[in-house]
Amino acid sequence: MTTRPAADPTAADSTAGPTADASADVRPTHPVTLPANQPPERFYRGGARIAEFRGEPVTSERVPEDWVGSTTTLFGEPTLGLSPLPRGDLLADAVAADPVHWLGAEHVAASGPDTALLVKLLDAGERLPVHAHPDVPFAGEHLGLAHGKTEAWIALADADVHLAFARDVTADELDRWVATQDTAAMLGAMHRLHVRTGDAVLVPAGLPHAIGAGAFVVELQEPTDLSILLEWDGFAIDGPRDGHLGLGHATALRAVDRRGWSSDEVAGLVQADASTVGSLLPGGAAFFRADRVRGDDRWESSFAVVVVTAGTGTLVAADGTRTPLRAGATLVVPHAAGSLDVVAGADLELVRCRPPLPA
């Protein structure tokens, strides 16, 4: 795991040039550094490593997710999950008020005032339950939504995960496992992978999965909170009531990919090279884009969510405005910021997350 470095008075953010101050404007023309946004009392434990990563105190053992640059709410909630800007305005309201400013005219023409992206930090203090997410057709038919929930993980720590069934599973078999909460049978039928720091893993919608205890990831998702629980026994959630998106398990389980995936197919979902810079997750480009940046770089105009995973540096706008970067910082970048130069300080590494290219 990468930890936040001590403050460095000689770092790039102390050099000449105006410093970005996002608190004065909900239509900023520069990147905006975001506060933590951790929904409380989640049904699984975690959050200590998010606090360590950000250099902040631990507040609870059940804040395992930080919703970064989020315009998405938790399922069934009116506002919980929405990211505040530094002065308290919600990013969702700012985007809705001026989507072209935030997202760019081409994106808005293709997708409307929809960021088409959800980014989280996720710290699994315990193994997550086996679950799956619906794809776009299922979400459209049963929930009236434009997005399903394909997701991806960029690992900040080593961990084991379960991903996809290794053999075909019948509908009756899956129904029985869920009804009896036969966790051993579920996990025993799945591939188990050891994910290493720096690996990137694509998780297509429908694929059953369970992130293992100790996982710490940057998670990219379609902008929904749609989870179908196959397992809930031992977790602080009422699965029979809350585990099926209000559809009933008989309907919800139809979204689960019960096909047996080969080892080679599952390996094809993993980009297992921590030295990779540039594009990660090419197989997920229809849903989101992620780039790992080390050292100096130049960015074209684009809405983006940025997670600084190591080191220090500065984002420099065309007008000379400088936004400091440090490990543990998260930022949202409006399209109106224009092109930006990344000026690396000591050991800078970050992940730049973006929506898919307009279709």
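Predicted model: local features only at pLDDT ≥ 70, side-chain atom pairs only at ≥ 80, totals over all residues.

Biologist: How should I read a sheet, and in what order do the strands of the open sheet of four strands lie?

Modeller: As a general idea, strands of a sheet pair through backbone hydrogen bonds, either parallel or antiparallel. Here the open sheet of four strands runs in the order 15-20-17-18, and the pairing is antiparallel. Strand 15 (297-299) and strand 18 (322-326) stand at the edges with a single partner strand each, so one side of each has no neighbour in the sheet. On average, neighbouring strands of this sheet are turned by 20 degrees against each other, with direction ignored.

Biologist: Over how many bridges do strand 15 and strand 20 pair?

Modeller: Strand 15 pairs with strand 20 (residues 340-344) in the antiparallel sense over three bridges, and Trp299 stands opposite Leu340 in strand 20.

Biologist: Turning to Phe288, is this residue buried or exposed?

Modeller: Phe288 has a relative accessible area of 1%, and because buried means under 20%, it counts as buried. Phe288 is placed in the loop between strand 13 (278-280) and strand 14 (289-294).

Modeller: Rolling a probe the size of a water molecule over the atoms shows where empty space is left. The structure holds one cavity of 30 Å³ or more, and about 40 Å³ of space lies in the largest cavity. Its lining includes Trp153, Asp158, Val195 and Val217, while strand 5 (151-155) and strand 6 (159-165) each supply at least two residues of that lining. By class, the lining of the largest cavity divides into eight nonpolar, no polar and one charged.

Biologist: What volume does the largest pocket have, and which residues are the closest to its centre?

Modeller: The largest pocket has a volume of about 730 Å³, and of the 34 residues that line it, the closest to its centre are Arg42, Phe43, Asp225, Ser227 and Ile237. Strand 3 (118-123), strand 10 (216-221) and helix 8 (239-242) are the elements that give two or more residues to this lining. The lining of the largest pocket has 14 nonpolar, seven polar and 13 charged residues.

How values were computed:
Residues numbered from 1 in each chain as written. Heavy atoms only, no water. Pairing = 2+ DSSP bridges. Axes fitted to C-alpha atoms, helices over the stretch in contact; angles between N-to-C directions. 1 Å grid on protein atoms, 1.4 Å probe; cavity = no way out; pocket = protein on both sides within 12 Å on 5 of 7 lines; lining within 4 Å. Points joined across faces, edges and corners; volume = space filled by probe spheres on them. Nonpolar A, V, L, I, M, F, W, Y, C, P; charged D, E, K, R; others polar. Buried < 20%, exposed > 50% of the residue type's maximum accessible area, 1.4 Å probe, protein only.
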